Amino acid sequence: MPDAPVGQSKISFAGVEKVYSSASARVTSTRALEAFNLDIARAEILSIVGPTGCGKSTALNILAGFELASAGAVQVDGNVIVGPGPDRGVVFQQASLFPWMTVLSNVVLGVKCRGLPREDYEPRARRLLVEVGLKGFEGHYPYQLSGGMQQRVQIARALINEPEILLMDEPFGALDYQTRLLMQKLLLRLWEHFRPTILFITHDVGEAIFISDRVIAMTKRPGRVKREVRVQAPKPRDYEFIGSAEFTALERELVMAVQSEVEVDEVPAAH
Ligand SMILES: Nc1ncnc2c1ncn2[C@@H]1O[C@H](COP(=O)(O)OP(=O)(O)OP(=O)(O)O)[C@@H](O)[C@H]1O
Ligand SMILES: [Mg+2]
């Protein structure tokens with residue numbers, strides 16, 4: 001893919017709207033996104049937080065090419081997205097590994113299906129597995145791995161195509177707190193190495209701040225960008241950053257932004 005002109009965003013959502021229409025008269029259609037505008041720079045890590053059902057996964061799925069926008073446009077390097085592609089690696093919340101395949105086979109499946117030669121992808125897959133901390137587990141099956149290890153396999157699988165963009169939808173949501181912190185640091189280390197542009201969705205405001213250059217909070221559905229904060233602390237970051245003055249101030253701002261959206265519906269007006 002040719003380099004984008006200087007100043008052009010790597011990713012651009014412009015006036016994106018998404019309506020899920022229903023075939024049944026008894027089920028109303030859902031307006032998931034409306035006037036959703038967002039630009040993401042090359043090699044930026046951007047996280048999205050927001051109330052449940054506000055359209056976060058919808059935005060990511062349109063960028064991945066799994067869904068079509070009802071209106072507006074999503075572009076990568078100035079080209080409108082028309083479907084999934086190897087330039088965008090995707091990591092989901094639940095590890096979606098094939099249980100009958102070994103770790104190595106799961107990681108290489110996509111490239112193998114593209115017809116690339118084994119001597120090209122297999123050494124790369126083995127190196128990636130070392131990089132995500134799974135050396136020695138190449139021949140294991142998914143059931144023999146912990147949840148955190150399965151997510152590491154998913155990340156290796158997403159990176160095998162050396163994608164310029166990594167899309168992560170609550171990838172650490174099902175993990176315990178300690179494993180989650182380890183995975184956040186792993187992600188920052190991988191970013192230093194590969195420099196992908198990352199769109200990361202999470203419910204955990206602290207996680208978003210720890211890994212991101214920028215965090216946006218969305219409104220409730222139909223979702224659009226409500227608040228945007230920039231994280232100034234240089235990357236790579238260590239655990240000391242958690243609890244620093246910058247971290248705490250951003251955390252407060254983002255929690256308030258999200259919570260005020262949730263509480264509009266939940267809390268009855270005072271008499
Ligand atoms: N395939 C679909 N068909 C119909 N409606 C859908 C579909 N996918 C999502 N929706 C609806 O669109 C809205 C936004 O869903 P989405 O999954 O994007 O929310 P989200 O912000 O990712 O929520 P969560 O934080 O719970 O994952 C929801 O009301 C959901 O019911
Ligand atoms: Mg979601």
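Ligand 1 in this predicted model is surrounded by Tyr20, Thr30, Ala32, Gly50, Thr52, Gly53, Cys54, Gly55, Lys56, Ser57, Thr58 and Arg221, where a residue is near a molecule if its C-beta atom, placed from the backbone, lies within 6 Å of it. Strand 2 (30-40) and helix 1 (56-64) each supply at least two residues of this shell, and helix 1 gives the most, with 3 residues. Helices (H or I, at least four residues) and strands (E, at least two) are DSSP runs, numbered from the N terminus. By class, the shell has 3 nonpolar, 7 polar and 2 charged residues; Ala, Val, Leu, Ile, Met, Phe, Trp, Tyr, Cys and Pro count as nonpolar, Asp, Glu, Lys and Arg as charged, and the others, Gly among them, as polar.

Residues are numbered from 1 along each chain as its sequence is written, chains are lettered from A and ligands numbered from 1 in the order in which they are written. Local features need pLDDT of at least 70, side-chain atom pairs count only at pLDDT 80 or more, and totals for chains, interfaces and linings use all residues.

Turning to the strands, strand 9 (residues 214-218) and strand 10 (residues 225-230) pair in the antiparallel sense over 5 bridges, pairing being called when DSSP finds at least two bridges between two strands. Arg214 has Arg230 of strand 10 as its bridge partner, and a hairpin of 6 residues links strand 9 to strand 10.
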